[in-house]
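This report goes through one protein model part by part. It begins with the terms, then moves from the whole chain to single residues.

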Amino acid sequence: MANLHCRAFFLLLLLVAVCAQADSSGPGVELFKEGKQLLLESEELLTSANTAIQLSNELRKSLIENRRKALNSNPSENQSTLNLIQSLRNEANQQRSQAKQYEGFAIEKFKNGLHQLFPDWLNSQQPFVGSTNPAHNQLAITAHNTLEQSVHPNVPRTQTQRSDASENLSMTLGAESPGSQQPINDINTETTQLSRNKQFAGAIVGINSEGQNTHLIPLHSLHEWNLLLANTEGQKITQASIEFSGHMPGHVHGLPTQPRITNELSPGVYKIEGVKFQMSGWWVIDLNITANGVSDTLRFNLQL
Amino acid sequence: MRSLPHIQLCLAILRFFIVSFICFESAAQSTNANQTLYAFTQADIDYLKQFSLSALPPPPSKTNAVADSIVAAKLGHKLFFDTRLSANNKIACASCHQPQKHFTDGLSQSTGLSRLRRNAPSIFPALYGPWKYWDGRKDSLWAQAITPLLDEHEQGLSAKEVADVIATHYADDYSEIFDAKHIQQFENDPTDNDFAITILVNISKAIMAYERQLSLAPSPFDQFVDQLSQNADKTSLENTLSLQQIKGLRLFFGKANCVSCHNGPLFTNFEFHNIGAPEFDTNNVDLGRYDAIESLPADQFNCLSKWSDAKKEDCLELTYLKKQGKELVGAFKTPSLRNVSATAPYMHAGQFATLEAVVAHYNKPTPPVFVRDQHPFRPHFDIMPLNLSESEQQELIAFLNSLTSPIPSYDSWWQTP
């Protein structure tokens, strides 16, 4: 009798173990776990960096106090405090850049995780590129006076400067030739991003007129995108309400149409219709997502 | 000293040679400079080809089933010039859209039965672009054609009165293209507005079919671009565009940056901007695009309406209409610069009488006026000062003159039928 119970218990354990295995072997879940782990580590690094900075600030304050009171006029001790402050700062900077690096790795993990989670919807993803293919039947070339600048001085100016004859030797006309603008440095134009508060990981895919995935975005032409959405656990986000907005930094205009999410084609796969870009350049697309009481913003930088 | 006169003579001769040498050199240099002005690289030529009339695709027509029908165009041609289609029997479409004036009327604000608020645009560029009128309040040319017929300031008829005219004078022509029973239905029950509107919509589609038969002959600019593509010699190039016009061309596409909005074969990007054109009446400011986005979705004759022949998926511009954006206040559609020299006055209410005034405005623009109780937001201002010199302004205007196409004398569509 006891033997039977033992065997039954053993079988139950085995069953539970198998079930647990099955749970964790869902598509992409491993990758999401690793990504989440990296995010946690990144956060820890940032916290540690902040602590180091705080400490160095305290030390600096006490050093200044001491100097003021002329208590500690021992130069070698001052110097060692200064060295400590500097090393703390260096360490903090290093930790911050490492945190950023980890975040980059995490996004890479999420990207691959999304590929596994949505195998029918995503293929190899490249950053979007503006296409001036004449087959897209464009009538206009640019949208407006691109000398208009209303940027904060910190925004890199490469995008807002026109190429003129001296820079573009193949043209004598001083016109801005589309596609000749230098891409912004240090701007991540990946089509998979993490949301601002790290709640969602999303990928955007362009859809061409044959209904296939593309990274070539036509200018002056209404087209569609698909958005694939999951949380950082690797679960698809369904029935989210999403708002689409976009603008060009430093330009006084937004998008020429109002794109909308029209349909959820499959759990976590959303169709965005009515997208149109009236000019090439640096676009910032913001998707405000609300799902299961959680709200967050996915931001994509596009160099079209 | 005795040798002085000799020295003076030698010096004089030397001076003469030096001065003439300098003059010759600078003349040679300026001729060289002029020669370089006519020199375009292959990249330039490929760029300029995008602005030629030959780069224009056929105009869109999804909402109009008879858009390409010649029979419908012939009916539309007659209707376009028919003054019986007005309350006082004196006004036709052609009254404000006169072929000899490139389908404008030379007035600041057109006058039908009474004075209108806006300047009459030309017809050919209106074939293109998703939105018609200065504020883009109609999304097809037939929906636009209906409006003056029913507008109290223009032709001032009702749908029933239009249907009456058609039933009386055009019953046969109508029945050739559309269903003859429309006329019968209307005559049997003139009070049913739907029958009247059916006829109204159909004849407007015929008018649109007529307008699609209009075409522009190549302007000197188009000829120039053709010559460049064929590697013509410098003399033919100089005969097509003068030096002043070439300088203006280089300003247009370069320093003055007009091309940033006036681009494409029709020299317009069809977008809406506020360039600070002076407000005609500050007691009744013109909100432009901002007003139009209110009326467009509910418009009786828009792309998604039952009168349109388009499918829902052909009406994406309307479905995804941009309704937000403070830049829409006081914003008007970039007009085409084709034939601009021949279609004064300029701007949405004809505020500028000459191109000199227009260029002067762009040169040192005044921002749009902000009337607090009428403007929902402070209007945006989409242009930067050009700061061109007097001669540069003249050069720009000279270039704009080169965009005028000759009015075809052989094309029957441009004549009264």
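Contact means that heavy atoms lie within 4.5 Å. Helices (H or I, at least four residues) and strands (E, at least two) are DSSP runs, numbered from the N terminus. A residue is called buried under 20% relative accessible area, exposed over 50%, and partly exposed in between, with a 1.4 Å probe and protein chains only.

The model is predicted, so local features need pLDDT of at least 70 and side-chain atom pairs count only at pLDDT 80 or more, while totals for chains, interfaces and linings use all residues. Residues are numbered from 1 along each chain as its sequence is written, chains are lettered from A and ligands numbered from 1 in the order in which they are written, and side-chain values use heavy atoms, with hydrogens and water left out.

**Chain B as a whole**

Chain B holds 16 helices and two strands. The C-alpha trace of chain B spans about 120 × 55 × 40 Å along its principal axes. Chain B has 417 residues, of which 53% count as buried. Its accessible surface (Shrake-Rupley method, 1.4 Å probe; for residues, only the protein chains shown count as cover) comes to about 19,000 Å², and 55% of that belongs to carbon and sulfur atoms. Of the contacts in chain B between residues at least 6 apart in sequence, 72% join residues at least 24 apart.

**Helices H5 and H6**

Nine of the ten residues of H5(B) are buried, and the helix is described as mostly covered. Among these buried residues are Leu141(B), Trp142(B), Ile146(B) and Pro148(B). The buried residues of H5(B) pack against H6 and H9 of chain B.

Helix H6 of chain B covers residues 159–169, and its buried residues are Ala159(B), Val162(B), Ala163(B), Val165(B), Ile166(B) and Ala167(B). The helices they pack against are H3 (70–80), H5 (141–150), H7 (171–177), H8 (181–188) and H9 (193–211) of chain B.

**Aromatic rings**

Rings of Phe, Tyr and Trp (its six-membered ring) pair if their centres lie within 6.5 Å; planes under 30 degrees apart count as stacked, over 60 as edge-to-face and the rest as tilted. Over all chains there are 27 aromatic pairs. One of them is stacked, that of Phe221(B) and Phe253(B), because the ring centres are 6.5 Å apart and the planes stand at 25°. This pair links distant parts of the chain, 32 residues apart: Phe221(B) is in helix H10, and Phe253(B) is in the loop between helix H12 (243–252) and strand S1 (272–273) of chain B. Phe221(B) is buried at 0% relative accessibility, and Phe253(B) is buried with a relative accessible area of 0%. Both belong to one aromatic cluster, which also includes Tyr47(B), Phe51(B), Phe252(B), Phe267(B) and Phe399(B).

A charge sits over a ring if NZ of Lys or CZ of Arg is within 6 Å of the ring centre and within 35 degrees of the ring normal. Two cases are listed here.

| Charged residue | Ring | Distance from ring centre |
|---|---|---|
| Lys205(B) | Trp142(B) | 4.8 Å |
| Lys234(B) | Tyr38(B) | 5.3 Å |

**Gln227 in helix H10**

Gln227(B) lies in helix H10 (residues 220–229) of chain B. Gln227(B) counts as buried, because its relative accessibility is 18%. Its side chain makes a polar contact (a pair of N or O atoms within 3.5 Å; within protein, one must be able to donate a hydrogen and the other to accept it, and residues adjacent in sequence count only if both atoms are side-chain atoms) with the side chain of Thr240(B), at 2.6 Å. Apart from neighbours within four places in sequence, Gln227(B) is in contact with Ala232(B), Ser236(B), Leu237(B) and Thr240(B).

**The disulfide and its loop**

A disulfide is a pair of cysteine sulfur atoms within 2.5 Å. By this rule there is one disulfide over all chains. Cys303(B) is joined to Cys315(B), with an S to S distance of 1.9 Å. The link is left-handed, with -75° about the S-S bond. Cys303(B) and Cys315(B) both lie in the loop between helix H13 (289–295) and helix H14 (316–319) of chain B, so the pair ties together parts that are twelve residues apart in sequence. Cys303(B) and Cys315(B) are buried.

Cys261(B) is in no disulfide, and the nearest cysteine sulfur, that of Cys258(B), is 9.5 Å away. Cys261(B) is buried at 12% relative accessibility, whereas Cys10(B) is exposed at 52%.

Ser305(B) also lies in the loop between H13 and H14 of chain B. Ser305(B) is buried at 13% relative accessibility. The side chain of Ser305(B) reaches the backbone oxygen of Gln300(B) at 3.4 Å, and a polar atom of that side chain lies 2.7 Å from the backbone oxygen of Asn302(B).
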